[in-house]
Amino acid sequence: MPLNPQVARYLQAQAALGPPLRTAPAMRQRRSAQSLMGIEDRTIDSGDGGIALRIYSPPGLRPLPVLVYYHGGGWVTGDLDGSDFQCRLLSRWAECIVVHVNYRHAPEHPFPAALDDAYAGACWVEDDAPALAADPARIAVGGDSAGGNLAAAVALLARERDAPQLAFQYLAYPVIDAAMCLPSSAENGAGYGLTSETMAWYWDQYVPREADRANPLASPLRASDLGGLPPALVLTAEFDPLRDEGEAYARRLTEAGVAVEQKRYDGLAHGFLGQTADVDAAKVAMTELVAALRRAFAPAQPS
(Lines give C-alpha, C1' and ligand atoms only; values in the text may rest on other atoms or scores of the structure.)
Protein backbone atom coordinates (compact mmCIF):
# COMPACT_ATOMS: atom_id res chain seq x y z
CA MET A 1 0.00 0.00 0.00
CA PRO A 2 1.17 3.63 -0.41
CA LEU A 3 2.77 5.57 2.40
CA ASN A 4 0.12 6.76 4.84
CA PRO A 5 -0.62 10.42 3.85
CA GLN A 6 -0.50 11.52 7.49
CA VAL A 7 2.96 9.94 7.78
CA ALA A 8 3.99 11.73 4.58
CA ARG A 9 2.92 15.09 6.05
CA TYR A 10 4.78 14.30 9.29
CA LEU A 11 7.96 13.42 7.38
CA GLN A 12 7.67 16.59 5.29
CA ALA A 13 7.46 18.65 8.47
CA GLN A 14 10.53 16.89 9.86
CA ALA A 15 12.43 17.45 6.60
CA ALA A 16 11.64 21.16 6.84
CA LEU A 17 13.83 21.29 9.94
CA GLY A 18 16.84 20.90 7.66
CA PRO A 19 19.34 18.22 6.64
CA PRO A 20 20.53 15.65 9.18
CA LEU A 21 23.29 16.91 11.45
CA ARG A 22 25.78 14.09 11.78
CA THR A 23 27.43 15.04 15.04
CA ALA A 24 26.27 13.67 18.36
CA PRO A 25 25.82 17.09 20.09
CA ALA A 26 23.85 18.52 17.16
CA MET A 27 21.51 15.51 16.98
CA ARG A 28 20.90 15.67 20.74
CA GLN A 29 20.10 19.37 20.54
CA ARG A 30 17.49 18.73 17.87
CA ARG A 31 15.88 15.95 19.89
CA SER A 32 15.84 18.07 23.06
CA ALA A 33 13.55 20.58 21.35
CA GLN A 34 10.74 18.07 21.88
CA SER A 35 11.33 17.82 25.63
CA LEU A 36 8.39 17.33 27.94
CA MET A 37 7.90 17.51 31.70
CA GLY A 38 8.84 14.54 33.85
CA ILE A 39 7.32 12.63 36.80
CA GLU A 40 9.77 11.29 39.40
CA ASP A 41 13.51 11.14 38.77
CA ARG A 42 16.05 8.98 40.59
CA THR A 43 19.67 8.04 40.16
CA ILE A 44 20.87 4.54 40.95
CA ASP A 45 24.44 3.46 41.51
CA SER A 46 26.24 1.21 39.06
CA GLY A 47 29.78 0.00 38.68
CA ASP A 48 30.41 2.74 36.11
CA GLY A 49 28.68 5.63 37.86
CA GLY A 50 25.10 6.75 38.29
CA ILE A 51 22.22 5.82 36.00
CA ALA A 52 19.30 8.23 35.73
CA LEU A 53 15.79 6.78 35.86
CA ARG A 54 12.34 8.28 35.51
CA ILE A 55 9.56 6.36 37.24
CA TYR A 56 5.89 6.60 36.30
CA SER A 57 3.47 5.19 38.84
CA PRO A 58 -0.24 5.24 37.98
CA PRO A 59 -3.00 4.92 40.57
CA GLY A 60 -4.24 1.42 41.24
CA LEU A 61 -4.04 -1.51 43.55
CA ARG A 62 -0.51 -2.54 44.45
CA PRO A 63 1.64 -4.35 43.60
CA LEU A 64 1.64 -3.25 39.96
CA PRO A 65 3.48 -4.77 37.00
CA VAL A 66 6.53 -2.93 35.67
CA LEU A 67 7.73 -2.04 32.18
CA VAL A 68 11.44 -1.23 32.00
CA TYR A 69 11.60 1.11 29.01
CA TYR A 70 14.54 2.05 26.76
CA HIS A 71 14.31 5.00 24.37
CA GLY A 72 15.41 5.08 20.76
CA GLY A 73 17.82 7.47 19.10
CA GLY A 74 20.51 5.25 17.61
CA TRP A 75 22.22 4.88 21.02
CA VAL A 76 23.37 8.49 20.44
CA THR A 77 20.33 10.68 21.13
CA GLY A 78 17.21 10.48 23.27
CA ASP A 79 16.69 11.17 26.94
CA LEU A 80 14.14 11.03 29.74
CA ASP A 81 12.26 14.08 28.49
CA GLY A 82 12.10 13.05 24.84
CA SER A 83 10.06 9.91 25.58
CA ASP A 84 8.11 11.35 28.50
CA PHE A 85 4.74 11.52 26.72
CA GLN A 86 5.00 7.94 25.43
CA CYS A 87 5.94 6.66 28.90
CA ARG A 88 2.99 8.50 30.44
CA LEU A 89 0.63 6.87 27.94
CA LEU A 90 2.04 3.40 28.52
CA SER A 91 1.87 3.76 32.29
CA ARG A 92 -1.65 5.13 32.36
CA TRP A 93 -3.22 2.94 29.68
CA ALA A 94 -1.47 -0.32 30.57
CA GLU A 95 -1.86 0.36 34.31
CA CYS A 96 1.76 -0.44 35.01
CA ILE A 97 4.77 1.25 36.53
CA VAL A 98 7.15 2.42 33.80
CA VAL A 99 10.82 2.79 34.66
CA HIS A 100 12.63 4.65 31.89
CA VAL A 101 16.37 3.94 31.98
CA ASN A 102 18.52 6.79 30.64
CA TYR A 103 21.52 4.77 29.49
CA ARG A 104 24.88 6.25 28.50
CA HIS A 105 25.23 7.40 24.91
CA ALA A 106 27.70 6.72 22.13
CA PRO A 107 30.17 7.72 20.83
CA GLU A 108 31.53 8.78 24.21
CA HIS A 109 30.38 5.46 25.67
CA PRO A 110 30.50 2.73 23.00
CA PHE A 111 29.15 -0.81 23.24
CA PRO A 112 28.49 -2.34 25.71
CA ALA A 113 28.01 0.74 27.93
CA ALA A 114 24.36 1.34 26.95
CA LEU A 115 23.58 -2.35 27.43
CA ASP A 116 25.34 -2.44 30.80
CA ASP A 117 23.13 0.43 31.99
CA ALA A 118 19.99 -1.10 30.47
CA TYR A 119 20.64 -4.40 32.22
CA ALA A 120 21.52 -2.71 35.53
CA GLY A 121 18.23 -0.82 35.40
CA ALA A 122 16.24 -4.02 34.90
CA CYS A 123 18.08 -5.72 37.77
CA TRP A 124 17.42 -2.72 40.02
CA VAL A 125 13.70 -2.96 39.28
CA GLU A 126 13.60 -6.61 40.33
CA ASP A 127 15.75 -6.03 43.43
CA ASP A 128 13.79 -2.97 44.56
CA ALA A 129 10.33 -4.18 43.55
CA PRO A 130 8.93 -3.95 47.12
CA ALA A 131 10.01 -0.31 47.46
CA LEU A 132 8.40 0.44 44.09
CA ALA A 133 5.19 -1.34 45.13
CA ALA A 134 5.85 -3.51 42.09
CA ASP A 135 5.24 -7.17 41.37
CA PRO A 136 8.62 -8.87 40.70
CA ALA A 137 6.82 -11.66 38.85
CA ARG A 138 5.48 -9.22 36.25
CA ILE A 139 8.46 -7.34 34.84
CA ALA A 140 8.72 -6.59 31.13
CA VAL A 141 11.34 -4.86 29.03
CA GLY A 142 10.59 -2.84 25.94
CA GLY A 143 11.77 -0.09 23.69
CA ASP A 144 11.78 1.55 20.30
CA SER A 145 14.46 1.29 17.60
CA ALA A 146 17.82 1.28 19.44
CA GLY A 147 15.78 0.86 22.62
CA GLY A 148 14.27 -2.27 21.08
CA ASN A 149 17.80 -3.51 20.47
CA LEU A 150 18.63 -2.96 24.15
CA ALA A 151 15.42 -4.67 25.29
CA ALA A 152 16.22 -7.72 23.16
CA ALA A 153 19.81 -7.80 24.44
CA VAL A 154 18.68 -7.42 28.07
CA ALA A 155 16.38 -10.42 27.58
CA LEU A 156 19.33 -12.43 26.25
CA LEU A 157 21.51 -11.38 29.21
CA ALA A 158 18.74 -12.13 31.70
CA ARG A 159 18.42 -15.66 30.28
CA GLU A 160 22.18 -16.15 30.44
CA ARG A 161 22.50 -14.86 34.02
CA ASP A 162 19.15 -16.15 35.26
CA ALA A 163 18.16 -12.67 36.44
CA PRO A 164 16.06 -10.67 36.32
CA GLN A 165 13.07 -12.89 35.66
CA LEU A 166 11.23 -11.31 32.73
CA ALA A 167 7.60 -11.92 31.85
CA PHE A 168 7.52 -10.16 28.46
CA GLN A 169 9.48 -8.13 25.92
CA TYR A 170 8.21 -5.71 23.32
CA LEU A 171 10.41 -4.61 20.46
CA ALA A 172 9.12 -1.70 18.36
CA TYR A 173 10.85 -1.40 14.96
CA PRO A 174 14.01 -2.72 16.65
CA VAL A 175 17.61 -2.52 15.49
CA ILE A 176 18.51 -6.22 15.39
CA ASP A 177 21.47 -6.81 13.06
CA ALA A 178 24.49 -4.65 12.21
CA ALA A 179 24.82 -6.31 8.80
CA MET A 180 21.95 -4.21 7.37
CA CYS A 181 21.82 -6.65 4.43
CA LEU A 182 18.12 -7.51 4.20
CA PRO A 183 15.97 -6.11 1.37
CA SER A 184 14.15 -3.40 3.37
CA SER A 185 17.46 -1.70 4.13
CA ALA A 186 17.78 -0.85 0.43
CA GLU A 187 14.07 -0.61 -0.42
CA ASN A 188 13.36 1.90 2.37
CA GLY A 189 16.84 3.31 2.72
CA ALA A 190 15.90 6.90 1.90
CA GLY A 191 12.83 9.10 1.90
CA TYR A 192 11.06 7.73 4.97
CA GLY A 193 12.68 9.50 7.91
CA LEU A 194 15.34 7.07 9.12
CA THR A 195 17.79 6.37 6.30
CA SER A 196 20.16 3.45 5.88
CA GLU A 197 23.01 5.96 5.72
CA THR A 198 22.06 7.38 9.11
CA MET A 199 21.60 3.87 10.54
CA ALA A 200 25.11 2.94 9.40
CA TRP A 201 26.39 6.09 11.10
CA TYR A 202 24.63 5.09 14.32
CA TRP A 203 26.33 1.69 14.20
CA ASP A 204 29.69 3.41 13.74
CA GLN A 205 29.07 5.40 16.92
CA TYR A 206 27.75 2.57 19.09
CA VAL A 207 29.89 -0.36 17.91
CA PRO A 208 32.98 1.12 16.26
CA ARG A 209 34.87 -2.20 16.35
CA GLU A 210 33.69 -4.34 13.44
CA ALA A 211 34.49 -7.53 15.37
CA ASP A 212 32.01 -6.59 18.10
CA ARG A 213 29.11 -6.31 15.66
CA ALA A 214 28.74 -10.09 15.44
CA ASN A 215 28.23 -10.27 19.22
CA PRO A 216 24.57 -11.28 19.80
CA LEU A 217 24.35 -8.64 22.53
CA ALA A 218 24.93 -6.03 19.82
CA SER A 219 23.16 -7.89 16.99
CA PRO A 220 20.58 -10.20 18.61
CA LEU A 221 19.76 -11.83 15.26
CA ARG A 222 23.24 -13.41 15.42
CA ALA A 223 22.39 -15.42 18.57
CA SER A 224 22.79 -19.14 17.94
CA ASP A 225 19.93 -20.03 20.31
CA LEU A 226 16.87 -17.93 21.13
CA GLY A 227 15.10 -20.55 23.21
CA GLY A 228 13.96 -19.78 26.73
CA LEU A 229 13.37 -16.07 26.14
CA PRO A 230 10.23 -14.32 27.41
CA PRO A 231 7.17 -13.96 25.17
CA ALA A 232 7.57 -11.14 22.67
CA LEU A 233 5.67 -8.54 20.71
CA VAL A 234 7.55 -7.30 17.64
CA LEU A 235 6.18 -4.27 15.79
CA THR A 236 7.47 -3.25 12.36
CA ALA A 237 6.60 -0.61 9.77
CA GLU A 238 6.18 -1.13 6.03
CA PHE A 239 8.39 1.85 5.09
CA ASP A 240 11.28 1.24 7.47
CA PRO A 241 14.81 0.15 6.58
CA LEU A 242 14.75 -1.98 9.77
CA ARG A 243 11.52 -3.80 8.85
CA ASP A 244 13.02 -7.06 7.62
CA GLU A 245 15.50 -7.55 10.45
CA GLY A 246 12.76 -7.10 13.05
CA GLU A 247 10.56 -9.62 11.24
CA ALA A 248 13.48 -12.04 10.84
CA TYR A 249 14.03 -11.88 14.58
CA ALA A 250 10.36 -12.59 15.23
CA ARG A 251 10.60 -15.67 12.99
CA ARG A 252 13.74 -16.86 14.78
CA LEU A 253 12.02 -16.46 18.14
CA THR A 254 9.02 -18.44 16.92
CA GLU A 255 11.24 -21.20 15.56
CA ALA A 256 12.93 -21.38 18.99
CA GLY A 257 9.58 -22.00 20.68
CA VAL A 258 9.07 -18.49 22.06
CA ALA A 259 5.50 -17.17 22.04
CA VAL A 260 5.61 -14.24 19.59
CA GLU A 261 3.09 -11.78 18.22
CA GLN A 262 4.49 -9.94 15.22
CA LYS A 263 2.65 -7.15 13.46
CA ARG A 264 3.63 -5.05 10.47
CA TYR A 265 1.89 -1.67 10.19
CA ASP A 266 1.31 -1.01 6.51
CA GLY A 267 1.67 2.56 5.35
CA LEU A 268 3.72 3.60 8.37
CA ALA A 269 7.39 4.47 8.74
CA HIS A 270 10.05 4.12 11.43
CA GLY A 271 9.22 5.81 14.73
CA PHE A 272 5.45 5.68 14.40
CA LEU A 273 4.78 5.26 18.13
CA GLY A 274 6.08 8.80 18.52
CA GLN A 275 3.57 10.11 15.97
CA THR A 276 0.31 9.44 17.83
CA ALA A 277 -0.59 13.14 17.85
CA ASP A 278 -0.36 13.33 14.05
CA VAL A 279 -1.14 9.89 12.62
CA ASP A 280 -4.37 8.02 13.36
CA ALA A 281 -2.83 4.64 12.53
CA ALA A 282 -0.09 5.32 15.08
CA LYS A 283 -2.77 5.77 17.73
CA VAL A 284 -4.14 2.38 16.77
CA ALA A 285 -0.67 0.87 17.08
CA MET A 286 -0.22 2.37 20.54
CA THR A 287 -3.60 1.00 21.59
CA GLU A 288 -2.60 -2.46 20.37
CA LEU A 289 0.73 -2.27 22.19
CA VAL A 290 -1.07 -1.37 25.39
CA ALA A 291 -3.49 -4.27 24.91
CA ALA A 292 -0.55 -6.67 24.51
CA LEU A 293 1.06 -5.34 27.70
CA ARG A 294 -2.19 -5.73 29.61
CA ARG A 295 -2.49 -9.34 28.42
CA ALA A 296 1.10 -10.06 29.40
CA PHE A 297 0.60 -8.50 32.82
CA ALA A 298 -2.72 -10.17 33.56
CA PRO A 299 -2.47 -12.31 36.69
CA ALA A 300 -2.40 -16.02 35.99
CA GLN A 301 -5.78 -17.66 36.39
CA PRO A 302 -5.98 -20.54 38.88
CA SER A 303 -6.18 -23.92 37.19
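Student: At what angle do helix H4 and H6 pack?
Tutor: Keep in mind that this is a predicted model. H4 covers residues 113–127, and H6 runs over residues 146–161. H4 passes H6 in a right-handed crossing. Their axes lie 9 Å apart, and the angle is about 65 degrees.

Student: How many charged residues does the contact of H4 with H6 have?
Tutor: On the H4 side you'll find Ala-114, Leu-115, Ala-118, Tyr-119 and Ala-122. Across from them, H6 brings Leu-150, Ala-153, Val-154, Leu-157, Ala-158 and Arg-161. Sort these by class and you get ten nonpolar residues, no polar ones, and for charged residues, one.

Student: Why is H6 largely enclosed by the rest of the structure?
Tutor: Start with its length: H6 has 16 residues and reaches 22 Å from first C-alpha to last, close to the 22 Å expected. Now look at accessibility, where buried means under 20% relative accessible area. H6 is largely enclosed because, of its 16 residues, the number buried is 13.

Student: What follows H6, with a positive phi?
Tutor: H6 ends at residue 161. The residue after H6 has a phi near 60 degrees, and it's Asp-162.

Key: Residues are numbered from 1 along each chain as its sequence is written. This is a predicted model: local features need pLDDT of at least 70, side-chain atom pairs count only at pLDDT 80 or more; totals for chains, interfaces and linings use all residues. Side-chain values use heavy atoms; hydrogens and water are left out. Helices (H or I, at least four residues) and strands (E, at least two) are DSSP runs, numbered from the N terminus. The expected span of a helix is 1.5 Å times one less than its number of residues. Buried means under 20% relative accessible area, exposed over 50%, partly exposed in between (1.4 Å probe, protein chains only). Axes are lines fitted to C-alpha atoms, for helices over the stretch in contact, and angles run from 0 to 180 degrees between N-to-C directions. A crossing is left-handed if the near helix is turned anticlockwise from the far one by less than a right angle, and right-handed if clockwise. Contact means heavy atoms within 4.5 Å. Ala, Val, Leu, Ile, Met, Phe, Trp, Tyr, Cys and Pro count as nonpolar, Asp, Glu, Lys and Arg as charged, and the others, Gly among them, as polar.
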